[in-house]
Amino acid sequence: MNNLTNILKGSSYSLSLFDQVWVKELENNVKIIEGKPYITCIIRDKDILLKPEEIVRQLYLMKLIKEYNYPKKRIALEHPISFGREIKSADIVVFDKDRPMVEYIIVETKKPKLQDGKDQLRSYTNATGAPIAVWTNGGQISHYNRKDPNYFEDITDIPKVDQTLEDILKERFTLKDLIIKDKIPNEGKSLKAIIQEMEDEVLANAGVDVFEEVFKLIFTKLYDERQSKKDKIRVEIFLEDKLSKEDRGDYEKIKLELLSLDDSNFRVLEFRNTGQSESELKKKIQKIFNEAKDEWPGVFDENSNILLSPSHLSIVISYFQNIKLFNSNLQIIDEAFEYLINKSAKGEKGQYFTPRHVIDMCVKMLNPRAGEYMVDTAAGSCGFPVHTIFQITGHLFQNTDISEEEKEDVLKVFGIDFDEKVVRVARTLNLIAGDGNTNVLHLNNLDYERWNETISNREWLEIYGGGLKRLEALRKNKESYKEFNFDILMANPPFAGDIKESRIIHKYDLGYNDKNKPKSKVGRDILFIERNLSFLKPGGRMAIVLPQGRFNNPSDKYIREYIVEKARILAVVGLHVNTFKPHTGTKTSVLFVQKWNDDPKKGPLCPKIEDYPIFFAVSEKSGKDNSGEYVFVKNGNGQPKLDKNGHLVIDHDLHNHNGELPDGVTEKFINWAKKENLSFWK
């Protein structure tokens with residue numbers, strides 16, 4: 001494939017969407033004429049210079065002919081389309097079966113950026129009346145039904161030669177179909193990119209709070225998928241029987257194998273447009289939303305409704321309906337919510353969601369066990385608590401009920417955050433992970449003396465009362481919210497902005513200078529260090545993400561001395577500068593500590609000593625590129641590799657992803673911790 005790869009180098013085009021057999025066939029047919037690569041076009045039957053867009057066009061022609069079975073006589077290239085006096089050329093046109101000169105499908109390959117291609121297609125379909133449009137750059141693909149001149153509706157696929165558009169819209173659609181047609185692996189897009197496309201298409205002008213309406217629909221879709229949990233088990237058993245571990249990492253093989261699975265007894269998914277009127281569709285989605293609110297209370301007001309108009313909702317559903325959200329480590333949902341929340345105030349507070357592979361490293365290194373109490377004091381979307389639940393139950397979101405014993409352990413996991421929007425996202429994910437119960441609380445953690453004002457609010461108590469009661473049972477002093485008895489704390493506190501309220505600063509030792517006078521302002525993350533240590537019982541352990549400067553700035557020496565006095569430093573892991581991109585390029589490290597403890601009655605032993613070894617590591621592979629996009633491991637066919645849970649494998653060096661990657665920082669730390677006889681790795 002050398003020729004094709006060389007031609008595509010440096011372009012925005014890719015081969016990843018196409019069958020490798022077709023790629024090899026095209027490669028084998030390349031001819032060099034006067035030092036330049038040419039191909040004999042399968043439609044025009046003449047030699048064409050092979051530019052990047054032509055490679056994608058020729059491969060998509062193969063797809064039209066070999067997969068969709070369209071005859072060559074119905075296909076034209078560089079088809080002229082009139083715009084008054086101006087004539088433009090459409091890359092590929094498929095003509096109507098019964099009207100040979102009427103455009104039926106228009107395909108755009110010359111514009112490698114989605115929005116440019118979509119704008120071009122909109123003009124072509126408006127000029128011709130063609131009902132179906134396709135854009136692709138070989139790495140991503142979109143299929144559209146032109147509803148009217150204003151809107152494109154996303155569709156699962158284009159019809160095959162013997163199908164109609166109605167067949168595509170009205171097909172019986174089960175969890176099996178959702179796995180096969182999942183937009184994210186099939187179209188090479190992220191959920192964030194799909195939401196951005198929805199904004200361009202319809203949401204920006206819908207006159208609604210985009211965060212709220214998208215959140216309602218994600219919430220509703222998660223509920224609909226969860227109703228197919230029995231089918232999920234059937235799919236898992238079927239694939240386990242049919243595919244080797246290696247083949248489970250190949251999405252194309254999974255799709256191929258699933259085609260033979262009989263799903264006639266599977267539940268039909270409801271969260272989709274099946275050809276009903278727009279008003280009927282809205283009634284159906286509202287009904288599912290109401291059921292989801294009953295199942296997972298305390299996220300949306302019981303009287304809340306979907307506010308998108310029927311026509312706007314129809315478009316948005318078409319984008320969402322073919323995305324599989326459940327049985328996920330929630331990376332895709334995180335990225336989407338981070339984008340949505342960042343558009344409001346999240347980024348201004350310097351708090352960004354922690355990438356899941358960083359969370360996994362912290363959880364694996366601190367080794368939480370069933371029965372231990374864990375808290376995240378700046379919980380964001382609750383990645384640390386949710387992954388702690390994964391660790392103690394031994395499984396990810398399996399879309400199945402968890403046992404009563406597991407529920408008891410899950411209810412020892414807590415999250416606290418001061419951003420109400422984020423708390424609702426976190427509660428949703430925790431309600432699912434905890435099977436209907438959660439300890440995610442909306443509180444300002446640094447201002448604990450004012451908690452009494454918050455919790456006296458009746459509405460707040462209705463939502464958070466159960467979690468608060470469980471939290472209060474862990475207080476050291478029953479009259480105060482200052483100190484607790486948690487075994488484990490993991491957090492990525494906001495590290496931008498200062499606390500300037502003297503009332504808050506006066507409560508913290510780190511709020512005073514070396515002359516014992518209160519400071520006028522203190523970095524928010526500095527106060528979080530002290531606050532977090534007060535949550536831990538003697539022998540309790542902590543992982544906290546901090547700006548790199550806290551570890552080496554001379555002016556921050558007093559912070560380091562404070563930490564050393566309170567706890568043993570276990571490890572410092574320097575994260576790559578790309579880790580929190582695209583939101584911030586601040587260099588960060590994760591600090592791991594264990595609170596000193598000489599009394600076995602109070603907690604795990606960690607006897608205070610003056611001199612001890614510390615584990616240091618620096619990540620050289622962040623899992624993201626310079627622009628902040630995730631970098632995924634590829635399989636032998638050059639396609640993104642999947643793990644046994646169907647997740648894309650991020651290319652990083654923090655842990656071995658259960659054997660999918662080489663051993664990383666985590667595995668080296670575990671070996672070191674066992675040699676050091678650390679209490680939680682004995």
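Here is a friendly conversation about a predicted model, its sheets, its helices and a few of its residues.

Trainee: How should I read the numbering and the values?

Mentor: Residues are numbered from 1 along each chain as its sequence is written, and side-chain values use heavy atoms, with hydrogens and water left out. Because this is a predicted model, local features need pLDDT of at least 70 and side-chain atom pairs count only at pLDDT 80 or more, while totals for chains, interfaces and linings use all residues.

Trainee: What is the strand order in the open sheet of six strands?

Mentor: Helices (H or I, at least four residues) and strands (E, at least two) are DSSP runs, numbered from the N terminus. Two strands pair if DSSP finds at least two bridges between them. In this open sheet the pairing is mixed, and the order is β4-β5-β6-β7-β8-β9.

Trainee: Which strands stand at the edges of that sheet?

Mentor: Look for strands with a single partner, since one side of each is then left without a neighbour in the sheet. From one strand to the next, the twist averages 40°. The edge strands are β4 (75-83) and β9 (151-154).

Trainee: Which residue is the bridge partner of N145 in β9?

Mentor: Strand β8, residues 141-148, pairs with β9 in the antiparallel sense, over four bridges. Within β9, the partner of N145 is E153.

Trainee: What angle does helix α4 make with β6?

Mentor: Helix α4 covers residues 114-128 and packs on the sheet, touching strands that include β4, β5 and β6 (103-108). Contact here means heavy atoms within 4.5 Å. Axes are lines fitted to C-alpha atoms, for helices over the stretch in contact, and angles run from 0 to 180 degrees between N-to-C directions. For α4 and β6, the angle is about 160°.

Trainee: What is the strand order in the open sheet of three strands?

Mentor: Its edge strands, β1 (31-33) and β3 (47-49), each pair on one side only. Strand β2 (residues 36-40) pairs with β3 over three bridges, and T40 stands opposite D47 in β3. With antiparallel pairing, the order is β1-β2-β3.

Trainee: How many disulfides does a search of the whole structure find?

Mentor: A disulfide is a pair of cysteine sulfur atoms within 2.5 Å. For C362, the nearest cysteine sulfur is that of C382, 15 Å away, and C362 is in no disulfide. C362 is also buried, with a relative accessible area of 1%. For the whole structure, the number of disulfides found is zero.

Trainee: Which elements do the buried residues of α25 pack against?

Mentor: Helix α25 spans residues 665-675, and its buried residues include V665, F669 and W672. Just after this helix, N677 takes a positive phi of about 65°. The buried residues of α25 pack against α15 (356-366), β17 (567-574) and β19 (615-618).

Trainee: Which side chain does the side chain of D231 make a polar contact with?

Mentor: D231 sits in helix α10, residues 229-242, and is buried, with a relative accessible area of 4%. A polar contact is a pair of N or O atoms within 3.5 Å; within protein, one must be able to donate a hydrogen and the other to accept it, and residues adjacent in sequence count only if both atoms are side-chain atoms. At 3.0 Å, the partner side chain is that of R234.

Trainee: What is the direction of helix α22 relative to helix α24?

Mentor: The axes of α22 (residues 524-535) and α24 (residues 557-566) come within 11 Å and cross at roughly 5°. Residues making the contact include I526 and L533 of α22 and Y558 and I563 of α24. Angles under 35 degrees count as roughly parallel, over 145 as roughly antiparallel, 65 to 115 as roughly perpendicular and the rest as oblique. The direction of α22 relative to α24 is therefore roughly parallel.

Trainee: How far apart in space are V202 and H312?

Mentor: V202 lies in the loop between α8 (191-201) and α9 (210-226), and V202 is in contact with residues including Y151 and H312. In sequence, V202 and H312 are 110 residues apart. From C-alpha to C-alpha, their distance is 6.4 Å.

Methods. Buried means under 20% relative accessible area, exposed over 50%, partly exposed in between (1.4 Å probe, protein chains only). Lists of a residue's contacts leave out its neighbours within four places in sequence.
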